[in-house]
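Please read the following briefing alongside the sequence and the coordinates.

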Amino acid sequence: MTLSLRDAAREAPSRIALVDDEGALTWAEVARAAAALTPESPILTAHARRADVLRIWNLLDARTPFALLHARWTDAERDEARARVQASRHPAQVVVFTSGSTGKPKGVRLSAEALGAAAEAHARALPWQPDDRWLLAMPLGHVGGLSILTRALWSRGAVVLGPERFDPDTFHAASTRLGVTLLSLVPTMLDRLLEDGRPPPPRLRAALLGGAACPPALLRKGREAGWPLLPTYGTSETCAQVATQRLDDPRPEGVGPPLPGVRVRVRDGAIEVAGPTLFDGLLEEERSSDWYRTGDLGHLDEDGHLHVAGRVDDRIVSGGENVDPLEVEAALRAHPAVRDACVVGVPDPRWGQRVAAMVVGEVSVAELEAHLAPRLARFKHPRRWRFAEALPVAPSGKRDRRAVATALERST
């Protein structure tokens with residue numbers, strides 16, 4: 001198989017490729033519709049809608065380099081990312097952005113070969129069936145959303161376009177009405193879907209559960225309700241998937257074995273990945289090793305299944321969205337009344353983590369929220385606040401993030 005729209009139209013012309021409330025398109029119809037689209041900038045703010053999906057498949061087919069920007073970013077965030085893409089001298093099939101440790105999102109460069117290898121590895125771990133339909137309910141600015149399109153294109157499967165904003169009733173109704181068989185979920189979505197005892201959609205045969213650590217109690221609750229959940233782990237730098245539980249081997253813990261062709265090891269407690277699905281590098285630098293050190297902590301059990309324990313750094317994962325504390329702190333310090341700020345993630349039963357901030361300065365929460373509104377996407381805004389005369393300092397002289405987190409956990 002290939003990531004080629006023309007090949008898909010030739011090999012499976014009458015097979016359903018795209019489904020939404022307007023109807024269904026075959027691969028032959030998708031190829032004709034994509035070819036008729038008006039060309040636009042290869043730096044896209046893509047939404048889960050027909051025209052954007054066709055554009056992305058068209059760009060993949062033509063091997064035209066493009067970048068995906070998060071639809072929930074502010075104009076300022078998108079402008080900065082666009083300028084970085086335009087200034088980069090490193091070509092890539094696709095650039096996606098993910099939070100890093102430098103105070104701004106990392107631009108991750110993914111080759112067509114890596115995307116194809118990831119789609120093939122996924123198909124070997126979870127083979128597509130002829131009548132499968134995968135619901136696209138992840139932002140296309142995320143590698144998780146993009147990977148649904150590349151998997152479908154590789155396997156000549158069908159993508160179903162769901163609602164742009166997640167609402168459990170609308171999501172569940174669309175999954176049922178449009179005959180969805182495959183889903184990608186983050187734990188927050190699952191938690192809300194299980195409210196009021198919602199059963200799985202009638203045709204659903206598998207739901208990948210990733211984007212953040214899933215509490216064992218939530219996984220157990222979902223499975224007891226009949227949801228066919230497969231915990232999974234991946235990163236933008238690995239084209240989405242690294243390890244996934246298998247349908248024939250569901251377990252109460254862990255995220256399963258690595259995908260075929262993907263190698264995983266744990267060094268000094270940190271997860272490292274190698275194989276054909278790795279990124280080329282970042283916008284500003286090349287990848288320097290055959291092994292990518294993910295920054296996630298974990299271990300491999302005696303069966304070779306991966307277990308993920310948390311982050312080496314302080315990145316926050318809230319509802320499946322990555323938030324870099326340094327980026328939020330920089331935005332807070334830009335307020336003239338803020339002398340200092342420290343941002344951490346605090347545990348939350350629904351969101352996994354909540355963004356929380358300790359601020360030094362004579363300023364109100366309302367003023368800070370108004371200040372952040374044009375600067376940061378809403379999912380990056382602190383949901384818990386505490387004001388202090390000074391930030392806690394560790395014996396090393398550095399700010400004591402652990403003490404800040406403890407204080408914010410106790411705040412209401």
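**Briefing on local geometry and cavities**

D268 is found in the loop between β13 (263-267) and β14 (270-274), where helices (H or I, at least four residues) and strands (E, at least two) are DSSP runs numbered from the N terminus. This is a predicted model in which local features need pLDDT of at least 70 and side-chain atom pairs count only at pLDDT 80 or more, while totals for chains, interfaces and linings use all residues. Residues are numbered from 1 along each chain as its sequence is written, and side-chain values use heavy atoms, with hydrogens and water left out.

**Positive phi outside glycine**

- The phi of D268 is near 55°, a positive value in a residue other than glycine, and D268 is exposed, with a relative accessible area of 78% (buried means under 20% relative accessible area, exposed over 50%, and partly exposed in between, with a 1.4 Å probe and protein chains only).
- A240, which sits in the loop between β11 (229-233) and β12 (243-244), has a phi near 95°, also a positive value in a residue other than glycine, but A240 is buried, with a relative accessible area of 15%.

**Enclosed space**

- Three cavities of 30 Å³ or more are counted, a cavity being a set of points, on a 1 Å grid over the protein atoms alone, where a 1.4 Å probe fits but cannot get out, and lining residues being those with an atom within 4 Å of a point.
- The largest cavity has a volume of about 70 Å³, with volume taken as the space filled by probe spheres set on the points, and with grid points joined across faces, edges and corners.
- The lining of that largest cavity is formed by L115, A118, A119, H122, V143, S147, T150, R151, C239, Q241 and L259, and the elements that give two or more residues to this lining are α5 (112-125) and α6 (143-155).
- By residue class, the lining of the largest cavity divides into six nonpolar, four polar and one charged, where Ala, Val, Leu, Ile, Met, Phe, Trp, Tyr, Cys and Pro count as nonpolar, Asp, Glu, Lys and Arg as charged, and the others, Gly among them, as polar.
- The second largest cavity holds about 60 Å³ of space, and H122, A125, L126, L208, L230, Q241, T244, Q245, R246 and L247 line it, which divide into five nonpolar, four polar and one charged.

**Helix α3 and the residue after it**

- The 13 residues of helix α3 (residues 50-62) should span 18 Å at 1.5 Å a residue, and the end C-alpha atoms are 18 Å apart, which agrees; the expected span is 1.5 Å times one less than the number of residues.
- Helix α3 is mostly covered, with ten of its 13 residues buried, among them R50, D52, W57 and D61.
- Just after α3, R63 takes a positive phi of about 55°.

- D348 lies in strand β21 (residues 338-348) and counts as buried at 18% relative accessibility.
- A polar atom of the side chain of D348 lies 3.0 Å from the backbone nitrogen of R350, and, not counting residues up to four places away in sequence, D348 touches Q353 and R354, contact meaning heavy atoms within 4.5 Å.
- R165, in the loop between β8 (158-161) and α7 (168-177), counts as exposed at 62% relative accessibility, and R165 and A137 are 28 residues apart in sequence and 8.2 Å apart in space, C-alpha to C-alpha.

Key: 1 Å grid on protein atoms, 1.4 Å probe; cavity = no way out; pocket = protein on both sides within 12 Å on 5 of 7 lines; lining within 4 Å. Polar contact = N/O pair within 3.5 Å; in protein donor to acceptor, adjacent residues only side chain to side chain.
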